Amino acid sequence: METLQAGKKTKIIFLIFIIFFVVLQSYPVFWVLIASLKTPEEIAGSAPYALPGSFYLGNYIKAFTQSSLVRYFLNSVVVAICTLFGIVVLSAPAAYAISKIRFKQSEKVLTFFLLGMMIPTFSCLIPMFQTYNTLGLRNTYAAVILPQIGFSLPMCIFLYVGFMKYIPNELLEAGAIDGAGNFRIFRQIVFPMAKNSTVTVVIYNFVSIWNEFTYANTFMTKDEMKTLPIGLNAFVGEMGRRDWGATFSAIVIAILPTIIVYFFLNKQVMEGMAAGAVKS
Amino acid sequence: MKPKRKIEPWLFLLPALVVYVSIVLFPMLQTIGYSFMDWNGIGEKTFAGLKNYSRMLSDKNLRTAFLNNMFFLLLGTVFQMFMGLLMATLLSGIKKGSNLFRVLYFIPCIISSMAVCKIFEKLLSVQPLGVIPALMKLMHLKPIAFLSDFKYALTWVTLIDGYKFCGLYMVIFYAALMNVSKDTIEAAYIDGCNWIQAYFFVKLPAIKNMFFVVLVILVNGCLKGFDVSYILTGGGPGNATELVATYMYKTAFSMSNFGYGSTLAVFILIESLIAVGIVKLIQKKFSD
């Protein structure tokens, strides 16, 4: 508080506001968590903000056994892993060429990629639908993986270039003297050094890939191909009116993976997402 | 590094370029092409000239969606900036625990809009009773089904969307506030400023540029606003929460009008380019 040089009164006002925002920002998640542990009688009978009387897991059992949540979950995992892999494999070498190989058009190529940041998803959705339809890609993983890779490339190349610029050229030249070509220098020197950028790229994209709605909703119409967000929608549409308990537990299951990742990597997630947003 | 052969950089670039061009750039050009056609998505495309564009200019639904979107943009921007800055300011004022609070404040940002919408749908539900109507009852107010009420639906959609994202601006503003040089602030204190003066006359002007960065993100995001309106209210009741993106999506995928849908997609593209251009222009004026 010294930075503010504020008195006791201000301190207390600050604290009250801080706590108020903690409640505001975390209450919905907290509420859905406790609501998912209520018995059907409690949900029907008690006030909606009341705490549950016991740890009742019946809702979770119902959500797991009476729906394809497990399948949705696995679909989301496959999509996330493939998309992240694709993003890193495509953007890191491209960034290496732009930042470390000397050629005339490197600036122009970067600008060309950065143009993509200004293009809204919605202005590409209709031709995508048509193309995937003709190629038979609808209801395949590729239909949600490819567009997400494509639209992430500009940002990720930008992030990688921003880091690789600062790798001293002497290091690469030393490698070259030892006889390594660009491919080996990239694989053995630059890519390992850019590990932190890779972590940022992966974390920044993981959250948005896991939560992605538009592509999945447009291209995945078969139930067995749905990812968690739209699977959750289908589940709630089916159960939502009659079974709130199962709905609450399904929501918890859907948000748990990101919460767990966030619990361990909160600093990287926050900073990665902020960095990603600021640079767009 | 000098390339051994001229082709070398292009080998590194080729995979990314192919994916980028075929997935982002080419479809965008196709959209522009389709916007001049009559096409229901299945049958033949026929050239329609400017028909779709003249329809767009007189489309009452688009006008409603656009006006809704402007409300969504204005309220959303003000709300998210205010919330983000307020939370960041509070946290920048304490030393202990600011990390923990930051983590808690950020929670809505990492949850899918689907989950956020489903949670709020239940929180706001009147039958059976959700938390918010229940609280209204406690305060002897008549519970209102906000999401199906013509008057309140758009405001709630805007606030829920803003609620989901305001943590992001908190992180950005917090980082900026912590970066303001300590010397400048100390100098202000020595000159006799109290902390409110120091905050408004030293700190805020020092992070002026951040406001524009955030403004660009917000304007860009709000013009493409889609998820919350589409999931929570489906644009309804009536078209009270219809936004340009949801209208475009429905035109193309529910009403199978791919030609006119493409025209609306072009509208979104141009609209966001213009808006960001305007913000950047204002920023230039301010920083001179």
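Colleague: Is B:M210 buried or exposed, and why?
Modeller: In this predicted model, B:M210 counts as buried because there are 20 C-beta neighbours inside 10 Å.

Colleague: Where in chain B is B:M210?
Modeller: B:M210 sits in helix α11 of chain B, which covers residues 208-223.

Colleague: Which residues does B:M210 touch, leaving out those up to four places away in sequence?
Modeller: B:M210 touches B:I172, B:F173 and B:A176.

Colleague: Staying with chain B, why is helix α13 described as largely enclosed?
Modeller: Helix α13 of chain B spans residues 244-253, and nine of its 10 residues are buried, so the rest of the structure largely encloses it. The buried residues include B:V244, B:Y247 and B:K250.

Colleague: What covers the buried residues of α13(B)?
Modeller: The cover includes α6 (125-135) of chain A, and from chain B it includes α3 (60-92), α12 (227-233) and α14 (258-287).

Colleague: What about the loops on either side of that helix?
Modeller: The loop between α12 and α13 of chain B holds B:P237. A cis peptide bond joins B:G236 and B:P237, with omega about -5°. The loop between α13 and α14 of chain B contains B:S256, which has a positive phi of about 50° although it is not a glycine. B:S256 is partly exposed, with 13 other C-beta atoms within 10 Å.

Colleague: How do α10 and α13 of chain A cross?
Modeller: The axes of α10(A), residues 195-210, and α13(A) come within 8 Å and cross at roughly 110°. That angle makes α10(A) roughly perpendicular to α13(A). The crossing is left-handed. Among the residues making the contact are A:I203 and A:V207 of α10(A), and A:V261 and A:L265 of α13(A). By class, this contact has 12 nonpolar, five polar and no charged residues.

Colleague: What does UniProt record for chain A?
Modeller: The unreviewed UniProt entry places the feature "transmembrane region" at several stretches, including residues 109-129 and 244-265 of chain A. Residues 109-129 of chain A are 52% helix and 0% strand, with end C-alpha atoms 28 Å apart. Residues 244-265 of chain A are 100% helix and 0% strand, with end C-alpha atoms 32 Å apart.

Colleague: Which domain does UniProt annotate in chain B?
Modeller: The unreviewed entry gives "domain: ABC transmembrane type-1" for residues 66-279 of chain B. Over those residues the chain is 76% helix and 0% strand, and the end C-alpha atoms are 19 Å apart. UniProt also places "transmembrane region" features in chain B, one of them at residues 258-282. Residues 258-282 of chain B are 100% helix and 0% strand, with end C-alpha atoms 36 Å apart.

Technical notes
Residues are numbered from 1 along each chain as its sequence is written. Chains are lettered from A and ligands numbered from 1 in the order in which they are written. This is a predicted model: local features need pLDDT of at least 70, side-chain atom pairs count only at pLDDT 80 or more; totals for chains, interfaces and linings use all residues. Axes are lines fitted to C-alpha atoms, for helices over the stretch in contact, and angles run from 0 to 180 degrees between N-to-C directions. Helices (H or I, at least four residues) and strands (E, at least two) are DSSP runs, numbered from the N terminus. Angles under 35 degrees count as roughly parallel, over 145 as roughly antiparallel, 65 to 115 as roughly perpendicular and the rest as oblique. A crossing is left-handed if the near helix is turned anticlockwise from the far one by less than a right angle, and right-handed if clockwise. Two residues are in contact if their C-beta atoms, placed from the backbone, lie within 7 Å. Ala, Val, Leu, Ile, Met, Phe, Trp, Tyr, Cys and Pro count as nonpolar, Asp, Glu, Lys and Arg as charged, and the others, Gly among them, as polar. UniProt positions are given in the numbering used here, feature names are shortened, and annotations may be inferred rather than shown by experiment. A residue is buried if 20 or more other C-beta atoms lie within 10 Å of its own, exposed if 12 or fewer, and partly exposed in between; C-beta atoms are placed from the backbone.
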